[in-house]
Amino acid sequence: MNTIARVASSRHRALAQWLNYLPLPLLEAALVVSWSSGFIGARFSIDHARPMLVVFWRCVLVTLILLPFVARSLRRASPAVLLENASIGLLAMAGYLYGVVQGIALGVPAGLAALLADLLPIGMALLTTLVLRQRLGRRVWLGLAVGLSGVLLVTWDALAWGGAPPWAYGLPLLGMLSLAIATLWKRQRGAAANALGLLPNLWLQCGISGIAFAFVAGSEGSLLPVVNSGFALSVLWTAGLATLGGYGLYWVCVNRSSPTRVASVLYLSPGVTLLWAWVMFDEPLSAWMVLGTAVSAVGIGLVVRGESR
C-alpha cells in the first residue's frame, strides 16, 4: 500500500507540474467545457434518480478514485490545514451544488437557475470591492456588464418563471455566493490554502461535501444507488467531467490568474451548455445564442485587458 501511495503521489506531482506549463487560455477553454457539462449532467440525471442522491454518489466516487493519489499528503498535513481546506470545500462544492441542483429540483427552471448561478463574476467583483476593499478598474466593470448582457441573450429563450415556491429562487443565488466566498477565501490565504496541492484539496472538498449530501439525500430516502444504466452514467458523467474536470480546472485557473478573470470566463458556459444540449438532447440553437456567446467573449476580453493594465 505504501508503494502504491508513493507512486500515486509522484504522479500527482507530475500532473501539477504539467498543468503549470499549459497556456492559461487553453486551461480556461477546458474549464468552460467541463463546467458546462455539470448542467447537462444534472438535467440528464433528473430522469433517472433523485438529484441529491446522484450528487452524493458523485462525491463518493471521486473520493474513492483520488484516495491513492492523496493519502500521503493528507497524512502529513496538520489538522488546521485540513480543517481550513475542508471548510472552503464545503462552501465551494456543497453550497454551490445544493443551491443550483436543489433549486432546479424544486421547480426553478433550468435556464433561470443557470442565469442566477452565472452571476458569479458580478458577485465576485462586489465581494472583492466591498469586503476586501480591492479596487477594480472601470474596464473590468464594463467587461463584466458586457459579459452578463451576453449571458442574457444566450438564455433569453430559456428564461421562464416556474412553479417553485418563491424562496426556492434564492437557492441558485445563494449557491453562487457560496462559491464566490470560498474562492476569495482560498485566494486570500494564498500559499497556506494551497499547501496540500490540487488533488488533496479536491478530495477534501468531495469528502466533506459527500457527508453533507448524505444527510440531505438521506432525509429524502435511501442512500442506496439506483440499479439502472441512467443512474450509473449520471454519476460517472458528473464525477469525471463536472467534478474532476470542472472543479479541478477551476482551482488551477484561480491559482494561475485572478478570481474575477476566472469567473468572467464562465460567462461562456451558458452558450457551451446549450451546444451540449443541442448535441445530446436535440434542443434547437438560435441566432440569439450565437450572438450572446460572442458578446460574452467581448466582455471577457475587456476583463482580461482591464486586469492586465
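Tyr 250 and Trp 251 are both buried. They belong to a predicted model whose protein chain has 309 residues, 49% of them counted as buried. The secondary structure comes to 13 helices and 0 strands.

**Overall fold**

- Along the sequence, the protein chain reads α-α-α-α-α-α-α-α-α-α-α-α-α.
- Counting contacts between residues at least 6 apart in sequence, 91% join residues at least 24 apart.

**Aromatic pairs**

- A pair of aromatic rings is described by the distance of the centres and the angle of the planes.
- The count of aromatic pairs comes to 6.
- One of these pairs is formed by Tyr 250 and Trp 251, with 5.2 Å centre to centre and 75° between the planes.
- The Tyr 250 and Trp 251 pair is classed as edge-to-face, because the angle is over the 60 degrees set for that class.
- Ring pairs also link Tyr 250 and Trp 251 with Trp 35, Tyr 96 and Tyr 247 in a cluster.

**Nonpolar cores**

- The largest nonpolar core has 71 residues.
- The members that touch the most other members of this core are Leu 31, Trp 35, Tyr 96, Leu 120, Phe 213, Tyr 247 and Tyr 250.
- Helix H4 (residues 79-105) supplies the largest share of this core, with 9 residues.
- Beyond its neighbours within four places in sequence, Leu 31 is in contact with Gly 246, Leu 249, Tyr 250, Cys 253, Val 262 and Leu 266.
- A second core of 5 residues is separate, and includes Ala 49, Val 54, Phe 231 and Val 235.

**Thr 183 in helix H8**

- Thr 183 is found in helix H8, which covers residues 170-189.
- The relative accessible area of Thr 183 is 0%, so this residue counts as buried.
- With neighbours within four places in sequence left aside, the contacts of Thr 183 are Met 124, Tyr 250, Trp 251, Val 254 and Pro 259.
- Both rings of the edge-to-face pair, Tyr 250 and Trp 251, are therefore on the contact list of buried Thr 183.

**Gly 89 in helix H4**

- Gly 89 lies in helix H4.
- Gly 89 counts as buried because its relative accessibility is 0%.
- Gly 89 and Ser 209 are 120 residues apart along the chain, and their C-alpha atoms are separated by 7.2 Å.

**Salt bridges**

- Side chains of opposite charge can pair when their charged atoms come close.
- A search of the whole structure finds 2 salt bridges.
- Glu 28 and Arg 261 form a salt bridge in which the closest N and O atoms are 2.7 Å apart.
- Glu 28 lies in helix H2 (residues 24-46) and Arg 261 in helix H11 (residues 259-265), so this bridge ties together parts that are 233 residues apart in sequence.
- Glu 28 counts as buried at 8% relative accessibility, and Arg 261 counts as buried at 16%.
- Arg 50 and Glu 220 form a salt bridge in which the closest N and O atoms are 3.6 Å apart.
- Arg 50 sits in the loop between H2 and helix H3 (51-76) and Glu 220 in helix H9 (residues 198-220), so this pair joins parts that are 170 residues apart in sequence.
- Arg 50 counts as partly exposed at 25% relative accessibility, as does Glu 220 at 36%.

**Nonpolar surface patch**

- Leu 275, Trp 278, Val 279, Met 280 and Leu 285 form a nonpolar patch on the surface.
- Together, the patch residues have about 470 Å² of accessible area.
- Leu 275 has its place in helix H12, residues 269-281.
- With a relative accessible area of 42%, Leu 275 is partly exposed.

How values were computed. Residues numbered from 1 in each chain as written. Predicted model: local features only at pLDDT ≥ 70, side-chain atom pairs only at ≥ 80, totals over all residues. Heavy atoms only, no water. Helix = DSSP H or I, 4+ residues; strand = E, 2+ residues; numbered from the N terminus. Buried < 20%, exposed > 50% of the residue type's maximum accessible area, 1.4 Å probe, protein only. Contact = heavy atoms within 4.5 Å. Patch = residues over 30% accessible without salt bridge, like charges linked within 9 Å, V, L, I, M, F, W, Y side chains within 5 Å. Areas by Shrake-Rupley, 256 points an atom, 1.4 Å probe, with all protein chains shown as cover. Salt bridge = Lys/Arg side-chain N within 4 Å of Asp/Glu carboxyl O. Phe/Tyr/Trp six-rings, centres within 6.5 Å; stacked < 30°, edge-to-face > 60°. Core = buried A, V, L, I, M, F, W, Y, C linked by side-chain atoms within 4.5 Å.
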